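Okay, thanks for coming, everyone. Let me put the thing up on the screen and walk you through a few spots in it.

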Amino acid sequence: MVILRKIRELCFDISTLWGLGEWKTGSLLASLFAFPVLLAGKIAYRFIPSIFYWVSFIGLFFSFIIVSFAYGFITDKDKSTIVLDRVIGMIVAFLYVPLTWKLMVIGFILFHVIKFFTTHLDR
């Protein structure tokens with residue numbers, strides 16, 4: 001049971017980006033974190049396109065597993081601190097979009113406007 005508890009704690013730490021989700025602006029900062037990841041992915045694609053898709057798929061797959069595992073054992077109060085899903089959402093939204101400053105700003109704003117309305121319509 002100790003190992004399972006440690007795995008759960010690690011999944012929670014990763015899915016909150018080590019406490020970033022507990023900050024007031026944690027969601028915004030987490031989605032900004034997606035842009036360096038995207039830029040690194042675009043650079044990696046230029047050099048190793050053959051394994052880029054496998055590495056991306058495996059990374060997103062494990063991210064989904066970590067987030068779903070973290071959602072499974074925490075309370076409803078703590079679910080708002082999980083921000084890795086926002087990073088995944090930004091990465092998926094910008095995966096095949098050319099990364100220009102104009103598109104990044106518009107996409108960032110649209111992502112958070114849509115997230116705002118979807119979270120507030122549920123209540």
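So, Ala 30: at 0% relative accessibility, Ala 30 counts as buried, where buried means under 20% relative accessible area, exposed over 50%, and partly exposed in between, with a 1.4 Å probe and protein chains only. Ala 30 sits in helix H2; helices here are DSSP runs of H or I with at least four residues, strands are E runs of at least two, and both are numbered from the N terminus.

Quick housekeeping: this is a predicted model, so local features need pLDDT of at least 70 and side-chain atom pairs count only at pLDDT 80 or more, while totals for chains, interfaces and linings use all residues. Residues are numbered from 1 along each chain as its sequence is written, and side-chain values use heavy atoms, with hydrogens and water left out.

Back to Ala 30. What does Ala 30 touch, not counting residues up to four places away in sequence? Leu 17, Leu 20, Val 83 and Val 87, with contact meaning heavy atoms within 4.5 Å. Take Val 83: 53 residues from Ala 30 in sequence, but 6.2 Å in space, C-alpha to C-alpha.

As for length, H2 has 22 residues and reaches 33 Å from first C-alpha to last, close to the expected 32 Å; the expected span is 1.5 Å times one less than the number of residues.

Now H3. Its 25 residues should span 36 Å, and its end C-alpha atoms are 37 Å apart, which agrees. Phe 52, Ser 63, Ile 66, Val 67 and Ala 70 are buried in H3, and they pack against helix H1 (2-15), helix H2 (26-47) and H4.

On to the packing geometry. Two packed helices are described by the angle between their axes and the distance between the axes. The axes are lines fitted to C-alpha atoms, for helices over the stretch in contact, and angles run from 0 to 180 degrees between N-to-C directions.

How do H1 and H3 cross? At roughly 115°, with axes coming within 8 Å. On the H1 side the contact includes Leu 4, Ile 7 and Phe 12, and on the H3 side Ile 66, Val 67 and Phe 73 are among the residues.

Then there's H3 with H4: an angle of about 150°, axes 10 Å apart, so the two are roughly antiparallel. Leu 60, Ser 63, Phe 64, Ile 66, Val 67 and Tyr 71 in H3 meet Leu 84, Asp 85, Ile 88 and Val 92 in H4.

Last stop, the loop between helix H3 (49-73) and helix H4 (84-93), where you'll find Thr 81. Is Thr 81 buried or exposed? At 11% relative accessibility, Thr 81 counts as buried. Leaving aside neighbours within four places in sequence, Thr 81 is in contact with Phe 12, Ser 15, Thr 16, Gly 21 and Glu 22.

For contrast, look at Leu 4 in helix H1: at 33% relative accessibility, Leu 4 counts as partly exposed.

Methods
Parallel < 35°, antiparallel > 145°, perpendicular 65-115°, else oblique.
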